[in-house]
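Here is a short briefing on one structure. It is grouped by topic.

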Amino acid sequence: MTTTNFPWDDSRLVAPTTIHHLSIGGRSILFCEARQILYGLNSTADRIWQSLAEDGRPIEARRRLTNLGVADDDARAFVEDVTLSWLHGGQLAPQEALARLDEQATATRTLRIDELTVRIDLFGIAPDEIDQVFGQFASDERTPALKLSVVSCGDRLFLFEGERPLGSCEADEWIPRVKAVLTEHYTTAVRDAFLMHAAFLVRDNKGVLISGAPGAGKTTLCVALAQSGYDYQGDDIVRLESNGKASGTPFAACVKAPAWPLVASYAPEIADLPVYRRSDGKDVRYLQVPPIKRRPRNIDFVLLLARQPDAKPALEPIEPLEAFSTLLASAFSIKGSIAASALKTFASAMEGAASFKFVYSDLADAILAIKDLTDE
């Protein structure tokens, strides 16, 4: 089937210098040096890539396929499908999008997320969505370590790190893509803290760390708790400092579509927020939950969520080792390694926390159960 809405026929598409075309044992591959990834090419994709490398225009790649006897409709579909895939993955970028990087940006925002400072230049895009989702990190830092650019070109948005293309996306996908890039660089920039995928809230100076598998309701519960007397620090990344105290990284709460009606009972403004499509195909909205002034706190309670249909809230005590192992599996680490010193600090922090498997179904009942626990 022919791909529709393809504005790149006469555009010159270029590959970044980090993409290399190789032939091994008669098979063609692309090697992304920056990401250390290999992409296999079948014979048709290889012909298209080599045509684009010589001429840059998809329309010429189509012509060459038809000269080989490929039907015009099939040639169009082959070229458009594989070209869009390469544009999406960052293996190619339009020359006109790259040229925009030398122009004056429509808007520029600088963010400071703890150790990471990033400048985001926007070309043909208003800054409202960046301000709404990442405004809590606004900074006047003059020497950012990371430079990102988002360029509107054709019917897509192109994301660049420096001049290296990171890929393209639809208009409703770019904020999740930026969030993913920021998270990746943030977890790499943090060297002296242990990072885990969890939420962290505080009540009466008591730290509550919440973790759960996807679909367990962590974000929904955190938003509801934040509207019920708990200080929100973050629902995605928790950092444990070398002194054993924890704090959350205050990204906006990412609320998935099935949870919008539940969250609306506590934060009705969510109904008016833009809808974005994540790379996993899920529709989300980003809700800003005003964070407290961040100060690392002790982890007093650990809740591992286990949402079950029609279950009454139950806090089932678990051994610190079980909580430790579960949270360790969610850790962000560089090259898959965790320093022994960080592991010891984490183990010590867990030893002093009361850990529970938290079984629940109803959100309001869950909040009451947690309040009873932390108010003791």
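Just after α2, Gly69 takes a positive phi of about 100°. The model is predicted.

**Helix α2**
- Helix α2 spans residues 58–67.
- Its buried residues are Pro58, Glu60, Ala61, Arg62 and Leu65.
- The cover over these buried residues includes β1 (13–14), α1 (43–54) and α3 (72–89).

**Hairpin of β3 and β4**
- Strands β3 (residues 27–32) and β4 (residues 37–41) run antiparallel and are joined by five bridges.
- Opposite Cys32 stands Ile37 of β4.
- Four residues lie between the two strands of this hairpin.
- Gln36, in the hairpin, has a positive phi near 60°.

**Three-stranded sheet**
- Three strands form an open sheet in the order β17-β19-β18, with antiparallel pairing.
- β17 (253–256) and β18 (276–277) are the edge strands, each with a single partner strand, so one side of each has no neighbour in the sheet.
- Four bridges pair β17 with β19 (residues 283–287) in the antiparallel sense.
- Ala253 has Leu287 of β19 as its bridge partner.

**Cysteines**
- The structure has zero disulfides.
- For Cys32, the closest cysteine sulfur is that of Cys169, 17 Å away, which is too far for a bond.
- Cys32 is also buried, at a relative accessible area of 4%.
- For Cys153, the closest cysteine sulfur is again in Cys169, at 13 Å, and this too is too far for a bond.
- Cys153 is buried, with 8% relative accessibility.
- The cut-off for a disulfide is sulfur atoms within 2.5 Å.

**Nonpolar cores**
- The largest nonpolar core holds 35 residues.
- Ile120, Phe134, Val150 and Trp174 have the most contacts inside it.
- Elements giving two or more residues to this core are β6 (107–113), β7 (116–123), α5 (128–134), β8 (146–153), β9 (156–161), β10 (164–169), α6 (174–189) and β19.
- α6 provides the largest share of this core, with six residues.
- Leaving aside residues up to four places away in sequence, Val150 touches Ile120, Asp121, Leu122, Phe123, Ile125, Leu157, Phe158, Leu159, Trp174 and Val178.
- A second, separate core has 27 residues, including Trp8, Leu13, Leu92 and Phe158.

Methods: Residues are numbered from 1 along each chain as its sequence is written. This is a predicted model: local features need pLDDT of at least 70, side-chain atom pairs count only at pLDDT 80 or more; totals for chains, interfaces and linings use all residues. Side-chain values use heavy atoms; hydrogens and water are left out. Buried means under 20% relative accessible area, exposed over 50%, partly exposed in between (1.4 Å probe, protein chains only). Contact means heavy atoms within 4.5 Å. Two strands pair if DSSP finds at least two bridges between them. A nonpolar core is a set of buried Ala, Val, Leu, Ile, Met, Phe, Trp, Tyr and Cys residues joined through side-chain atoms within 4.5 Å.
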